[in-house]
Amino acid sequence: MRWRERLREIDSRARVAEERLRVSHEVHDVIAHTLAVVGVQLNVAADALEEDPAAAAAALRLAKNVRNRAMADLGSLITVLRDDPADTAPQADLASLDALIADTRAAGLEVTLDEHGDRAVVPAITAIAVRRVVQESLANTLKHAGASKAEVTIDYRPHSVTVEITDNGGSTPGGADVTEGHGLTGMRERVSALGGTLTAGPVPGGFAVRADIPVAGSTA
């Protein structure tokens with residue numbers, strides 16, 4: 001019936017508007033983070049300019065690199081806006097990863113976090129995606145998998161980040177429709193918007209989610 005089609009159309013437009021608003025929050029976060037870091041480095045350069053020109057030059061180079069990464073971040077966010085992915089909710093960056101793990105442990109799941117490389121070099125838009133994958137995977141494990149343990153492994157490399165979450169729960173937590181319709185679909189679309197890939201499925205003794213995400217603005 002026409003009225004049902006009209007309701008679906010209105011609902012679809014409302015969802016698009018809501019997601020665009022959420023992405024705008026991410027734009028705000030990227031800009032705020034960048035201005036804060038660049039501001040600190042400019043102050044360092046100004047203070048060291050006369051007494052330590054080398055330190056001033058290093059601070060300016062860092063400020064330039066942060067600025068370049070921010071431009072790549074914003075370019076990625078504009079792509080997300082243009083493509084209207086189904087899930088673009090803003091998330092905290094890697095600074096809140098430890099708190100996320102602690103909260104999950106407090107909820108009763110034994111979680112280990114194993115990181116390789118330097119999380120500080122990951123640009124904001126990539127960090128948001130990594131954090132989101134970890135958050136959604138652990139949430140699915142808590143809600144659906146019946147697991148008692150989970151392992152989070154993150155490998156930070158110059159041109160990409162790999163994050164893998166494995167648990168000892170059921171091979172299809174919550175059923176294919178629930179998992180794919182909510183958590184996994186959102187994760188996959190976010191990772192895909194950055195040019196990455198996400199896989200999820202049963203592994204010996206449990207279930208695993210793995211995302212390979214290129215670093216925004218890098219060249220392989």
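**Helix 4.** I started with Glu-136 and Arg-132, which both sit in helix 4 (residues 124-145), four residues apart, about one turn of the helix. Helices here are DSSP runs of H or I with at least four residues, and strands are runs of E with at least two, numbered from the N terminus. The model is predicted, so I note the rules: local features need pLDDT of at least 70, side-chain atom pairs count only at pLDDT 80 or more, and totals for chains, interfaces and linings use all residues. Residues are numbered from 1 along each chain as its sequence is written, and side-chain values use heavy atoms, with hydrogens and water left out.

What joins Glu-136 to Arg-132? I found a salt bridge, with the closest N and O atoms 2.9 Å apart. The term means a side-chain nitrogen of Lys or Arg within 4 Å of a carboxyl oxygen of Asp or Glu. I then checked exposure. Buried means under 20% relative accessible area, exposed means over 50%, and partly exposed lies in between (1.4 Å probe, protein chains only). Glu-136 has 17% relative accessibility, so Glu-136 counts as buried. Arg-132 is buried too, because its relative accessible area is 3%.

**Other salt bridges.** How many salt bridges does the rule give? The count comes to six. I looked up Arg-119 next. Arg-119 bridges to Glu-115, and the closest N and O atoms are 2.8 Å apart. Arg-119 is partly exposed because its relative accessible area is 23%. Glu-115 has 28% relative accessibility and therefore also counts as partly exposed.

Arg-210 and Asp-212 came next. Their side chains meet in a salt bridge at 3.0 Å, N to O. Arg-210 counts as partly exposed at 34% relative accessibility. Asp-212 counts as partly exposed at 25%.

**Thr-162.** Thr-162 is in strand 3. Is Thr-162 buried or exposed? Its relative accessibility is 8%, so Thr-162 counts as buried. I listed what Thr-162 touches, leaving out residues up to four places away in sequence: Thr-153, Ile-154, Asp-155, Arg-157, Arg-210, Ala-211 and Asp-212. Contact means heavy atoms within 4.5 Å.

**Core.** Which residues touch the most other members of the largest nonpolar core? I got Val-133, Val-134, Leu-138, Val-152, Ile-154, Val-163 and Leu-198, out of 32 residues. Several elements each supply at least two residues of this core: helix 3 (97-106), helix 4, strand 2 (149-156), strand 3 (160-167), helix 5 (176-193) and strand 5 (206-214). Helix 4 gives the most, with seven residues. A nonpolar core is a set of buried Ala, Val, Leu, Ile, Met, Phe, Trp, Tyr and Cys residues joined through side-chain atoms within 4.5 Å. In soluble globular proteins, nonpolar side chains tend to be buried together.

I followed up Val-152. Beyond four places in sequence, its contacts include Ile-101, Val-111, Val-134, Leu-138 and Ile-165.

**Two distance checks.** Phe-207 lies in strand 5. Phe-207 counts as buried because its relative accessibility is 8%. Leu-35 lies in helix 1 (residues 2-48). Leu-35 counts as exposed because its relative accessibility is 60%. Leu-35 and Ala-63 are 9.4 Å apart, C-alpha to C-alpha, and 28 residues apart in sequence.

**Whole chain.** I counted five helices and five strands. Their order from the N terminus is α-α-α-β-α-β-β-α-β-β. Of the 220 residues, 38% are buried. Among contacts between residues at least 6 apart in sequence, 71% join residues at least 24 apart.

**Confidence.** The mean pLDDT of the chain is 76, and 67% of the residues score at least 70. The score is the predictor's confidence in each residue, from 0 to 100. Where does pLDDT stay under 50? I noted residues 85-92, for which the model has 31 contacts beyond four places in sequence. I also noted residues 172-179, with 13 such contacts.
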